[in-house]
Amino acid sequence: MSDLIPGILDLLVCPNCHGQLAWDYEASELVCTNTDCALAYPVRGGIPILVIDEARPTQDQ
């Protein structure tokens, strides 16, 4: 599993809605905390892939 650079979550926001992101260590994803958005962005090799087309919905939309 990939680790993120400490403090990186303070700098990153969801590219879709600009909401705060939360680290899901088990899934190796950054998940938008805005319940209207709730996209999950993959983290590969410690690098967040903050591309909307790469994100997956975490709830039925």
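## Salt bridges and a strand hairpin

Arg56 is partly exposed, with a relative accessible area of 40% (buried is under 20%, exposed over 50%, partly exposed in between; 1.4 Å probe, protein chains only). The model is predicted: local features need pLDDT of at least 70 and side-chain atom pairs pLDDT 80 or more, while totals for chains, interfaces and linings use all residues. Residues are numbered from 1 along each chain as its sequence is written, and side-chain values use heavy atoms, without hydrogens and water.

The structure contains two salt bridges, a term for a side-chain nitrogen of Lys or Arg within 4 Å of a carboxyl oxygen of Asp or Glu.

| Salt bridge | Closest N and O atoms |
|---|---|
| Glu29 and Arg56 | 2.8 Å |
| Arg44 and Glu54 | 3.1 Å |

Arg44 belongs to strand E3 (residues 39-44) and Glu54 to the loop between strand E4 (47-48) and E5, so this pair ties together parts that are 10 residues apart in sequence. Arg44 is partly exposed at 46% relative accessibility, and Glu54 is partly exposed at 39%. Glu29, in contrast, is buried at 10% relative accessibility.

Strands here are DSSP runs of E of at least two residues, numbered from the N terminus. Strand E1 (residues 21-24) runs antiparallel to strand E2 (residues 29-32), joined by four bridges; pairing requires at least two DSSP bridges. Four residues lie between the strands of this hairpin, where Ser28 adopts a positive phi near 55 degrees. Trp23 stands opposite Leu30 in E2, and Trp23 is partly exposed, with a relative accessible area of 25%.
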